[in-house]
Amino acid sequence: MTTPALLAVIAVCAPAAAALLLVLAPALRRQGAPAAVACIAASLASLGAALALALGRSPGEPAVRHVVPWLQAGSRTIAEVGVHVDGISAAMLVVVTLVALCVQVFSVAYMRGEARRGFGRYFAYHALFLFSMNLLVVAPNLLQLFVGWELVGLASYLLIGFYFAKPSAARAAVKAFWMTKLADMGILVGLVVLFVSTGSFEWTATPEPAVATAVTLLLFLGVMGKSAQFPLHVWLPDAMEGPTPVSALLHAATMVAAGVFLVVRAHPLFELAPTTGDVMLWVGAVTAAFAAGLALVQTDIKKVLAYSTCSQLGYMVAALGAGSAFAGFFHLGTHACFKALLFLAAGSVIHAVHSNELAEMGGLRRRMPLTAVAFGIGVLSLAGVPGLAGFFSKDLILTELEGRAGWVPWALLLLTAFATAFYMGRVFVLAFLGAPSARAGHAHEAGLAMTGPLIVLAVPSAVAGFFGGGLAAYVGASYEPHFGLTPLLASTLALAGIVAAVLVYGRGREVAFADALRRLDRAGAVDRAWKLLYSSALLWLSGVLGWFDRYVIDGLMNATGFATLEAGSAVRVVQTGRVRDYALAVVAGAILLSLWGVLS
Amino acid sequence: MPPWIQVFALELAVTATALVVLVCDALRPCRARTLAWFSVAALATALCTSFVVEPAGTAPHGVYAAGPWSLFFERLFLAAGILGVLGSLDWLESRVARRPAEYLFLMLMSLVGAMLLAGARDWVLLVVAFELMGIPLYVLAAYAKLDGPPGEPQLAAEAALKLYVTGAASTALTLFGLALVIGAGGSSSLAGLASPDVAPLASAGMLLVLAGFGFKLGAVPFHMWVPDTYQGAPTPFVAFLSVAPKAGGLVALVVVLLHGWPRHHELWAPALGVIAAASMVVGNLFALPQRDARRLLGYSGVAQMGYVLVAVCARSESGVAMALFFLVSYVFTNFGVFLVLHAAAENSGGHALDQITGLSRRSPWLGAALLLFVLSLAGIPFAVGFWAKLFVLLAAFEAGLVGLVVTGVVLSVVALFYYLSVARSTFMADGRSAEPVRAGLALRAAISLCLAAVLGLGLWPGPLLAQARLAAAAFGGGP
């Protein structure tokens with residue numbers, strides 16, 4: 001095994017070992033603190049391996065693979081399991097392990113109030129998540145990627161439902177799992193189609209154009225679920241029932257970005273299917289605009305960030321649809337940093353005021369200056385203020401979209417850029433400026449375990465954009481920041497959005513269209529459509545089938561077999577109710593089948 | 001002793017075990033514990049031996065062919081037998097302590113019948129084996145006739161009666177159909193119907209036989225006994241009933257259709273496709289509103305059989321291999337779920353979904369086990385169910401059965417609803433009783449075995465897949 005492969009294996013196996021240890025040693029897990037130590041040590045090892053791996057690679061180096069056969073049919077290998085190290089997986093590994101480590105350290109302080117058992121369980125889930133995510137990132141083929149993909153979904157289910165005693169949390173966990181699994185069926189079928197038509201699960205396979213379109217559309221269905229694209233996005237806001245650090249790691253920085261990562265990874269396949277690209281372009285643009293609209297009126301700080309995540313994932317998906325895998329991947333990286341920062345800063349605030357509601361905050365800038373600065377950096381970066389990380393990646397996406405599909409997606413995303421700056425400005429004003437509310441008056445900054453990760457994440461959130469060229473060379477793409485009309489427009493809109501938010505909310509006002517949006521939000525149209533699909537379509541169908549089964553089929557059987565069964569009165573002596581109906585079912589089914597045989 | 005007798009070595013070993021259990025108890029009443037552990041040891045020895053010395057060859061007149069194909073099923077049934085005995089032990093001791101030997105004897109004899117099915121190449125042997133498997137089950141279902149759920153003790157008797165009446169009816173159909181088929185072919189050999197063109201009467205006979213097997217499988221429209229029997233019969237027995245006879249029905253079906261009538265697929269393949277699709281639709285949709293965990297699993301089992309039948313519909317060697325893989329996954333997962341339910345119900349006295357509420361609090365181990373089994377049923381990776389589903393879909397798509405693939409995938413999304421609702425209720429905190437759940441050693445051992453199989457085969461499915469392919473290749477697969 002070569003050194004890079006070994007390092008990648010360490011990055012995957014360290015958290016797996018921690019998870020296994022915590023599962024097999026309940027005594028250790030129930031102690032609480034040792035579980036956190038084990039989990040964080042494993043993440044540290046993972047991060048170390050990822051950094052060594054990434055720094056040891058020179059740009060343009062060929063990919064390193066180390067695989068062992070997993071499934072074999074005779075002498076033919078159907079699928080392999082192992083690691084595939086190239087620029088993309090190395091860079092992604094660093095992002096994932098870095099954010100994971102920050103979040104876990106933050107969690108030590110944030111979850112301190114938990115009972116010791118819960119504390120241990122929390123870190124066991126975290127170790128499981130990091131293992132699954134790394135397994136996904138280094139996957140040498142789509143099958144292993146899918147296995148990791150399903151496992152991060154499981155970890156997400158467990159972590160959203162962490163407060164399972166709360167019915168809303170349990171409901172949200174099931175909803176998230178179900179919605180993403182629904183979408184995953186697309187991937188499952190896509191993999192089946194890919195394998196049957198090309199004989200492998202590799203993303204370098206080259207099926208015919210029609211098959212490629214079918215496969216990529218099916219894969220994209222899975223991406224829509226995991227990356228919360230309209231109309232499958234409804235689970236993400238609900239997922240905020242989980243602990244805030246979990247939202248930062250899974251539902252902002254890493255897991256939800258797995259969909260984008262899948263498309264980047266399988267880019268050779270997606271390049272064969274321009275139709276899928278168009279679909280992605282529109283889905284991404286619509287999601288970005290729609291989610292940003294709903295983010296404008298949320299009163300829960302985490303919900304604002306959740307809708308913002310949907311919206312930003314929409315940007316990435318649109319970029320991928322435009323055929324620029326690098327733009328999507330770049331934004332994935334910068335977004336992971338600044339969104340994790342925003343969530344952790346929000347967690348710090350929630351920890352201090354014991355509420356998610358923006359109305360309970362206000363004036364926190366004096367009581368929590370460090371958090372305020374960190375959150376501010378996140379806001380400016382997300383808004384796309386020139387010089388900060390978000391500016392570079394977002395503008396790259398907008399530039400890539402120029403002229404696509406009649407400029408409509410481009411225009412939608414520019415509008416979204418304004419909305420983004422506006423809603424983030426609103427959150428900052430409501431939470432940190434103005435007069436403190438009753439709860440916010442006693443807030444104070446937490447210890448180093450909480451502020452440390454904020455500082456660590458604030459650095460890349462600010463400066464990561466300047467490394468865009470380096471990253472491009474590293475993953476084998478090309479990137480030149482250029483300053484044409486689009487970046488100028490976008491940064492003007494971003495600044496205008498922030499200024500507008502300060503002007504409106506700084507004076508305690510509300511925008512005119514807020515009521516309309518709030519109604520839209522309260523209506524939860526998409527949510528209702530899904531609920532309708534379940535309660536009226538599925539349960540209705542089940543009911544109809546049941547009725548059909550009970551009355552029509554039974555009736556039919558009674559009619560056909562009545563005479564026969566009348567004779568067998570021995571059966572009627574038995575007073576068990578419907579037993580004869582069952583016998584009739586068998587008889588009538590057989591009669592129908594043999595009629596078929598005679599007639600055909 | 002004739003030399004060919006060794007092809008029945010494993011069946012003879014189990015029969016001998018059953019007789020020893022019965023006779024020992026008759027001479028001097030033994031404790032259930034002694035008899036059960038003896039049976040487990042004997043079955044485990046047979047299972048291990050089968051990996052060292054592989055019986056192979058044919059019985060005179062070609063009525064039975066031993067080889068990798070029959071061995072695969074014999075091993076599967078031996079494993080199911082071990083789990084069945086282990087799972088029943090505590091219940092036998094506490095509820096029906098006076099006659100454990102008969103219970104074990106009947107279960108083992110049913111097992112012998114199931115083990116004979118895969119190698120049978122003659123109608124007479126096949127039918128006798130089928131009935132040997134089926135008749136003891138009627139008795140077992142009524143074994144604790146007053147031990148139904150609290151408040152409804154008569155359910156057990158009712159469950160047994162339903163199983164019996166529908167079972168007898170379906171046997172009658174099978175035999176009637178066979179009379180027509182054998183009459184047309186003029187031979188009791190399974191492959192006796194040589195000509196692809198058969199008289200209408202014979203084709204009616206073939207479909208009657210199909211109906212008879214459909215009953216044991218619990219496939220729609222022969223599924224109606226399944227939820228009622230599952231709900232009423234003793235749970236450890238239901239665990240056995242939900243896997244062994246179903247696997248038996250499936251193997252008989254595969255042997256008859258793909259070995260006996262491969263040339264008549266134009267007749268039976270559409271019917272089988274309809275049965276498979278209907279099983280998936282009805283099983284999954286009916287499971288949705290169920291409030292009793294065992295009824296829910298009954299319908300879920302109906303749906304699962306639909307998935308196996310999809311693989312059989314592919315009529316290819318790889319399809320058969322995937323069906324075998326699915327079956328193994330189904331056996332261990334379903335056994336596991338029922339045994340966990342049994343453990344929980346023994347302590348809380350009922351199988352409504354409410355009763356497993358908060359199971360993970362009352363016994364973290366059982367809660368985690370149930371979660372894992374349910375995840376396997378839902379097809380999450382690193383549980384064997386993931387591979388089973390993937391393989392079945394692969395085989396079906398390869399054979400061009402796009403309609404069945406789409407039906408299966410759409411309904412597996414529906415299935416997630418009820419699987420997740422089971423998973424969720426184990427985590428809910430408002431359990432009626434907060435008493436910890438205690439399970440006996442044997443029950444824990446059985447659940448651990450299922451867990452090990454579900455996880456082990458999920459992590460490394462390669463060896464099982466290789467075995468399944470070997471068996472399918474030896475069987476010769478479709479036409």
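Reply: A nonpolar core is here a set of buried Ala, Val, Leu, Ile, Met, Phe, Trp, Tyr and Cys residues joined through C-beta atoms within 7 Å. A residue counts as buried if 20 or more other C-beta atoms lie within 10 Å of its own. The model examined is a predicted one.

By that definition, the largest nonpolar core has 458 residues. The residues with the most contacts inside this core are A:Ala340, A:Leu341, B:Phe325, B:Phe326 and B:Ala396. Helix α13 of chain B, residues 317-348, supplies the largest share of the core, with 21 residues.

Chain B contains 19 helices and two strands, and 65% of its 479 residues are buried. Of the contacts in chain B with a separation of 6 or more, 80% join residues 24 or more positions apart. For 479 residues, a compact globule would have a radius of gyration near 23 Å, and the 21 Å of chain B agrees with that expectation. Along the principal axes, the C-alpha atoms of chain B fill a box of roughly 65 × 55 × 40 Å. As to confidence, the average pLDDT of chain B is 85, and 93% of the residues score at least 70.

Burial in chain B also includes a charged side chain. B:Arg362 lies in helix α14, residues 359-362 of chain B, and counts as charged. B:Arg362 is buried because 21 other C-beta atoms lie within 10 Å, where the cut-off is 20 or more. From B:Arg362 to B:Leu459 there are 97 residues in sequence and 29 Å in space, C-alpha to C-alpha.

Residues 24 or more positions apart provide 80% of the chain A contacts with a separation of 6 or more. A compact globule of 600 residues would have a radius of gyration near 25 Å; the value for chain A is 27 Å, which agrees. The C-alpha atoms of chain A occupy a box of roughly 90 × 60 × 60 Å along the principal axes.

Within chain A, helix α18 (residues 389-401) gives a clear case of burial. All 13 of the 13 residues of α18(A) are buried, so this helix is largely enclosed by the rest of the structure. At 1.5 Å a residue, α18(A) should span 18 Å, and its end C-alpha atoms are 19 Å apart, which agrees. A:Gly403, which follows α18(A), has a positive phi near 80 degrees.

There remains the contact between the chains, to which chain A gives 47 residues and chain B gives 53 residues. On the side of chain A that touches chain B, the elements that give two or more residues are β1 (64-73), α6 (142-160), α7 (167-198), α24 (525-567) and α26 (579-599) of chain A. The residues of that side divide into 36 nonpolar, nine polar and two charged. For the complex, the predictor gives an ipTM of 0.84 and a pTM of 0.87.

Terms used:
Residues numbered from 1 in each chain as written. Chains lettered and ligands numbered in written order. Helix = DSSP H or I, 4+ residues; strand = E, 2+ residues; numbered from the N terminus. Expected span 1.5 Å × (residues − 1). Buried ≥ 20, exposed ≤ 12 C-beta atoms within 10 Å, placed from the backbone. Rg over C-alpha atoms; globule rule 2.2 N^0.38 Å. Contact = placed C-beta atoms within 7 Å. pLDDT = per-residue confidence, 0-100.
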